[in-house]
Amino acid sequence: MTRIYEFSPRYYEVDMQGVMFNSWYLGYADEAMNHFIDARGVPYSRWQELGVDAHLAHADLDWKAGIGFGDKVQVPVRTTRIGTKSFTLEFEFRRGEEVTCAVSVVYVVVAADGSGSIAIPPEIVDAIGPSAIR
């Protein structure tokens, strides 16, 4: 894993079962993705300058244990695949050493003008690729 995002669930994110409601995992994965690309030197402002954006195309979530109110959660992020027009990031929601949820998200790169999917700019490939570990 190459970048770690940290958070604690807020009171309103915890359901009647005492654990973080499932929809929040993708919200926090999105936050972690933003921190990941910032740390790699290609924040969203740069994507806009390059005329591209990323859309979530597919997500897999594998829950193993619940995250509760006030838990300290770390979310390591890493790139696992880069294609011509899409890439995959993996996220591990961790409470200490325990992996509570493993998430894999496929993002498709699209033209910022809404005209459809396009090739990932080389600057982004270089920054987020597995060989760009910093």
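Q: Which residues is Tyr 28 in contact with, leaving aside its neighbours within four places in sequence?
A: The model is predicted: local features require pLDDT of at least 70, side-chain atom pairs count only at pLDDT 80 or more, and totals for chains, interfaces and linings take in all residues. Numbering starts from 1 along each chain as its sequence is written, and side-chain values rest on heavy atoms, with hydrogens and water left out. Contact means heavy atoms within 4.5 Å. Once neighbours within four places in sequence are set aside, the contacts of Tyr 28 are Tyr 5, Phe 7, Ser 8, Pro 9, Arg 10, Glu 13, Met 20 and Phe 93.

Q: Is Tyr 28 buried or exposed?
A: Tyr 28 belongs to helix α1. Relative accessible area under 20% is called buried, over 50% exposed and in between partly exposed (1.4 Å probe, protein chains only). The value for Tyr 28 is 6%, so the residue counts as buried.

Q: How many helices and strands does the protein have?
A: Both kinds of element are DSSP runs numbered from the N terminus, helices being H or I with at least four residues and strands E with at least two. From the N terminus on, their order is β-α-α-β-β-β-β-α. The count is 3 helices and 5 strands.

Q: What is the relative accessible area of Val 77?
A: Val 77 sits in strand β3, and its C-alpha atom is 17 Å from that of Trp 24, 53 residues away along the chain. In soluble globular proteins, nonpolar side chains tend to be buried together. Val 77 is buried, because its relative accessible area is 1%.

Q: Which residues does Pro 43 contact beyond its neighbours within four places in sequence?
A: Pro 43 is placed in the loop between α1 and α2 (44-49). At 26% relative accessibility, Pro 43 counts as partly exposed. Its C-alpha atom is 10.0 Å from that of Met 33, 10 residues apart in sequence. Apart from neighbours within four places in sequence, its contacts are Ile 37 and Asp 38.

Q: How many Å separate the C-alpha atoms of Asn 22 and Val 110?
A: Asn 22 is in the loop between β1 and α1, and a relative accessibility of 40% makes Asn 22 partly exposed. Asn 22 and Val 110 are 88 residues apart along the chain, and their C-alpha atoms are separated by 27 Å.

Q: What is the radius of gyration of the protein?
A: The radius is taken over C-alpha atoms, and the globule rule is 2.2 Å times the number of residues to the power 0.38. For 134 residues, a compact globule would be near 14 Å, which agrees with the value for the protein, 15 Å.

Q: What share of the contacts with a separation of 6 or more is between residues 24 or more positions apart?
A: Buried residues make up 37% of the 134 residues. Among contacts with a separation of 6 or more, the share from residues 24 or more positions apart is 63%.
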